[in-house]
Amino acid sequence: NNKGVTGVNWDVKLMLFTARFSEEIAAAYGYVLDQRILYNETNGTQGAFVVATNASLGISNIFCEEQPVWGEMYDPLGEAGIVSVAATTNDRGTDVDVSGDMPTSCKSDYLISVTNSNMAEERRGGFGVTSIDLAAPGTGSTTVTPTTSNYNTNFGGTSAACPHVAGSVSLLFSLPCESFANLVKTQPAASALLMKQAILEGVDPINEMNGETVTGGRLNLYNSAKFLHSYCVANDQERANNTFQENY
């Protein structure tokens, strides 16, 4: 409508939660998990095909071990096929590895932790060479959000960077690829791990971020799509060859 901004994924449904306290956050994740498990167990006739969660929230200066109920949700979510994405602190001077941050200090293989970058490719959020996976656009590139009657121009930071990654995950799950669709259905945990790998392998390396995050880079959705495409080409061809051999 020539107003506001365009989202990463233009054809997706959102499951929205309001949560202020740790137990409420854990309960929200629990509901998401129940819906995806139900979807998996009923072959899609019930539940919801949730592929990513976005957490533009957190608690600074504590470690995951201090919030066990909340922190322990990420592994079962991933095992059901859900990639969790979380924003780190907006304090660019905070080393999460040293000071902690919830939930980006959690060690789950199914969690992607995100810091904020601006249009000059400068980091504008917290960092951590083992805790923070990558940067994503948040300052200067996400500037408006709709309100009841107009647009608010004050939205940004890691809370904006994080949904760029979650939206990218959702879009990548929609790629037309028979072998990946089969992986999602038969090995949901493996599909979540592959998706995280695609996001991390696809980053654009940023010199100034080298040694500050796991990847030292900024989200590049196109590169991640190419990574998954390569997986699909290789595995779809292998499936075709196996089918041919079985038939003959």
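Predicted model: local features only at pLDDT ≥ 70, side-chain atom pairs only at ≥ 80, totals over all residues.
Local features are reported only at pLDDT of at least 70 and side-chain atom pairs only at pLDDT 80 or more, whereas totals for chains, interfaces and linings use all residues. Residues are numbered from 1 along each chain as its sequence is written, and side-chain values use heavy atoms, with hydrogens and water left out.

Most residues other than glycine have a negative phi, and most peptide bonds are trans. Against this background, the peptide bond from methionine 102 to proline 103 is cis, with omega near 15°, and proline 103 is placed in the loop between β4 (101-102) and β5 (111-118); helices (H or I, at least four residues) and strands (E, at least two) are DSSP runs, numbered from the N terminus. A positive phi of about 55° is found at asparagine 43, which is not a glycine, in the loop between α1 (22-41) and β1 (52-55). Glutamate 121, likewise a residue other than glycine, has a positive phi near 60° and lies in the loop between β5 and β6 (134-139). With buried meaning under 20% relative accessible area, exposed over 50% and partly exposed in between (1.4 Å probe, protein chains only), asparagine 43 counts as exposed at 54% and glutamate 121 as partly exposed at 24%.

In helix α6 (residues 178-186), the buried residues are Ser179, Phe180, Leu183 and Val184. Seen down the axis of α6, these residues fall within an arc of 145°, so they line one face of the helix; the arc is that of the directions from the helix axis to the C-beta atoms. The exposed residues Glu178 and Lys185 are carried on the face of α6 turned away from its buried side.
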